[in-house]
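Open the model in a viewer and keep the sequence panel beside it.

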Amino acid sequence: MKKFCDYCFKEVSCQYNEDFVIEKIANASVKYLKKWYICNECSNIFYDDLLDFNIEKANSELRKMN
């Protein structure tokens, strides 16, 4: 799979990953499914088209807590 890596600043081969994470958002610990890519060239994590998914999922879980 090829995506645009923010670190290499070019389209690269990458691997898709996802896992449940706990992050502190608005003074609350929020657990949600986070998705990301790992660049095969520089090994950095980047989000490309998954950024909106992660933000929406985290915000949705935060709203459920209130």
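Two strands count as paired if DSSP finds at least two bridges between them. Helices (H or I, at least four residues) and strands (E, at least two) are DSSP runs, numbered from the N terminus. The model is predicted, so local features need pLDDT of at least 70 and side-chain atom pairs count only at pLDDT 80 or more, while totals for chains, interfaces and linings use all residues. Residues are numbered from 1 along each chain as its sequence is written, and side-chain values use heavy atoms, with hydrogens and water left out.

**The sheet**

Select the four strands. They form an open sheet in the order S1-S2-S3-S4, with antiparallel pairing. S1 (2-5) and S4 are the edge strands, each pairing on one side only. Helix H1 (residues 51-65) packs on this sheet and touches S2 and S3 (contact means heavy atoms within 4.5 Å). The direction of H1 makes about 170° with that of S3; axes are lines fitted to C-alpha atoms, for helices over the stretch in contact, and angles run from 0 to 180 degrees between N-to-C directions.

**S3 and its neighbours**

Next select S3, residues 28-39. Nine of its twelve residues are buried (under 20% relative accessible area; exposed is over 50%, partly exposed in between, with a 1.4 Å probe and protein chains only), so the strand is largely enclosed by the rest of the structure. On one side, S2 (residues 10-25) pairs with S3 in the antiparallel sense over twelve bridges. Strand S4 (residues 45-46) is joined to S3 by two bridges, also antiparallel. Show Tyr37, which stands opposite Phe46 in S4, and Ile38, which stands opposite Ile45.

**The turns**

Go to the hairpin of S2 and S3, where two residues lie between the strands and Ala26 has a positive phi of about 50°. Asn27 is in this loop and is exposed, at 73% relative accessible area. A distance drawn between the C-alpha atoms of Asn27 and Lys2 reads 36 Å, for residues 25 apart along the chain. In the hairpin of S3 and S4, five residues separate the strands, and Ser43 has a positive phi near 70°.

**The cysteines**

Finally, select the cysteines. How many disulfides are there? With a disulfide taken as a pair of cysteine sulfur atoms within 2.5 Å, the count is zero. Cys5 is in none, and the nearest cysteine sulfur, that of Cys42, is 3.8 Å away. The sulfur of Cys39 is 3.7 Å from its closest cysteine sulfur, also in Cys42, which is too far for a bond. Cys5 is buried at 0% relative accessible area, and Cys39 is buried at 2%. Cys39 is also the bridge partner of Cys14.
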